[in-house]
Amino acid sequence: MRKYALFIVACALMMAIPALAQVSNAGRSVFSFMSLPTSSRLNALGGSNVSLSDGDISMGMCNPALLHANSHMTLQLNYSYYLPGTMFGSVLYGHNFGRSKVEKPFDGEGEPDKPNYFAVGIHYLDYGRMQYADENGNLTGGKFGARDILIDIMYARQLHPCWKIGITLKPVYSIYESYSSFAIGADVGAHFQTRDSTFQMGLVLANIGWQLKGFYSEEGGSNHEILPLNLQLGLTYRVKHAPLRFHLQIHNMQTWYLNYEWTSLDKNPTTGDIIAHDVKWYDMLFRHTIWSIEVVPKSEKFYIALSYNHRRRAELQLTDQKSLAGFALGAGVKIKQARVGFAISQLTKSNFSYQVGLTLDINSLLK
């Protein structure tokens with residue numbers, strides 16, 4: 001079984017080589033909604049985390065290798081509020097299978113009794129109803145809708161008490177008015193942690209794939225675009241004698257430029273004129289990072305998280321007013337067989353986004 005898992009991951013990495021050669025800048029891929037945080041926990045951690053494996057099934061959406069022995073028979077529901085009229089939610093379920101030589105719960109030693117971790121998730125983004133208008137903005141009557149649907153089919157294998165690998169298959173479907181598109185993507189990831197879990201590291205190549213059906217046609221057939229490829233490295237460190245956990249996520253390692261143009265805009269404080277200037281190298285460097293800190297007691301009955309995403313800050317901060325763009329705050333608590341989470345962040349220039357999540361331990365509820 002271990003050889004088959006390694007073979008699947010190797011094939012997926014070979015498929016990704018042509019895609020890596022094509023990616024050189026932001027704004028050149030479709031299905032950008034795939035980069036949105038799909039759970040309150042991920043939102044609170046800055047939008048992405050590929051290194052934390054603690055039983056939260058939503059972590060597998062960033063890196064399939066983060067699926068955990070405690071993901072077994074876990075059901076998670078998430079709902080997000082971004083803009084009036086929109087709806088963004090997800091449903092995830094995990095189920096572990098297989099048998100190792102040692103029949104006992106996984107405690108970091110030996111192998112878990114079910115070393116194969118499986119999960120499936122469905123994510124749905126509805127942009128609401130919009131009115132038809134001509135090129136001059138005059139309403140012509142009638143309304144139309146737009147929506148995105150993503151399915152995550154995740155698998156991970158515990159190769160060693162300290163090592164896991166995983167792969168995700170991701171069918172994507174979008175329909176905007178009369179235009180539709182379908183694509184197939186994949187994530188390939190690995191995870192390492194010390195036996196006492198004080199240090200964790202994750203590596204993932206996400207969104208490997210292309211459109212099978214484009215939104216429009218051109219000469220020779222349908223126009224095909226790539227998915228928003230993202231090579232990420234994550235580091236997590238938990239302080240041994242304090243309830244603190246630190247995270248550093250490095251994203252989009254396959255490209256240096258993360259803005260649409262190699263300039264950014266500023267305003268002259270005297271004249272009010274807009275000034276274009278080059279983005280400094282250290283600014284671009286920090287746009288690749290997400291920093292977060294969690295307060296988590298040893299019992300893990302609750303968590304409080306604060307994060308800073310510099311790329312989000314650079315793209316969404318306002319020049320004429322104060323903004324909390326780039327910062328995110330969240331908390332969660334375990335109540336018997338359920339976990340409830342909440343997060344708040346600024347993902348648009350004028351509105352805050354709110355995200356709530358509910359995780360149920362189905363196995364405990366059925367006992």
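## Contacts around Gly142

Contact here means that heavy atoms lie within 4.5 Å. In this predicted model, Gly142 is in contact with Met130, Gln131 and Tyr132, once its neighbours within four places in sequence are left aside. Gly142 belongs to strand E4, which covers residues 139–160, and its C-alpha lies 5.9 Å from that of Tyr132, a residue 10 positions away in sequence. With a relative accessibility of 48%, Gly142 counts as partly exposed, because that class runs between 20% and 50%.

## Overall make-up

The protein contains five helices and 18 strands, and 47% of its 367 residues are buried. Among the contacts with a separation of 6 or more, 55% are between residues 24 or more positions apart.

## Nonpolar cores

The largest nonpolar core has 21 residues, and Met59 and Leu67 are the ones with the most contacts inside it. Helix H2 (40–44), strand E3 (116–133), strand E4 and strand E15 (302–309) each supply at least two residues of this core. Apart from this core lies another, of 13 residues, which includes Phe33, Val172, Phe215 and Leu227.

## Aromatic pairs

Across the whole structure, 11 aromatic pairs are found. In one of them, the ring centres of Trp163 and Phe192 are 5.0 Å apart and the planes meet at 50 degrees, so the pair is classed as tilted. Trp163 sits in strand E5 (residues 163–176) and Phe192 in strand E6 (residues 179–193), so that the pair links distant parts of the chain, 29 residues apart. Trp163 itself counts as partly exposed, at 42% relative accessibility.

The rings of Tyr176 and Phe215 have their centres 5.2 Å apart and their planes at 10 degrees, and this pair is therefore stacked. Tyr176 lies in strand E5, whereas Phe215 is in the loop between strand E7 (199–213) and strand E8 (217–218), so the pair ties together parts that are 39 residues apart in sequence. Tyr176 is partly exposed at 28% relative accessibility, while Phe215, with a relative accessible area of 19%, is buried. Both residues belong to one aromatic cluster, which is formed by Phe31, Phe33, Tyr127, Tyr176 and Phe215.

## A buried glutamate

Glu294 is found in strand E14, residues 289–295, and is buried, with a relative accessible area of 0%. Its side chain is joined to that of Arg41 by a polar contact of 3.1 Å. Not counting residues up to four places away in sequence, Glu294 also touches Leu45, Leu52, Pro243, Leu244, Arg245, His247, Tyr303, Ile304 and Ala305.

Strand E16 (residues 327–335) pairs with strand E17 (residues 338–345) in the antiparallel sense over eight bridges, and Gly332 has Gly341 in E17 as its bridge partner. The two strands form a hairpin with two residues between them, and Lys336 in that turn has a positive phi of about 55 degrees.

Strand E17 also pairs with strand E18 (residues 353–361), again antiparallel and over eight bridges; here the bridge partner of Phe342 is Val356, in E18.

Note on methods:
Residues are numbered from 1 along each chain as its sequence is written. This is a predicted model: local features need pLDDT of at least 70, side-chain atom pairs count only at pLDDT 80 or more; totals for chains, interfaces and linings use all residues. Side-chain values use heavy atoms; hydrogens and water are left out. Two strands pair if DSSP finds at least two bridges between them. Helices (H or I, at least four residues) and strands (E, at least two) are DSSP runs, numbered from the N terminus. Buried means under 20% relative accessible area, exposed over 50%, partly exposed in between (1.4 Å probe, protein chains only). A polar contact is a pair of N or O atoms within 3.5 Å; within protein, one must be able to donate a hydrogen and the other to accept it, and residues adjacent in sequence count only if both atoms are side-chain atoms. A nonpolar core is a set of buried Ala, Val, Leu, Ile, Met, Phe, Trp, Tyr and Cys residues joined through side-chain atoms within 4.5 Å. Rings of Phe, Tyr and Trp (its six-membered ring) pair if their centres lie within 6.5 Å; planes under 30 degrees apart count as stacked, over 60 as edge-to-face and the rest as tilted.
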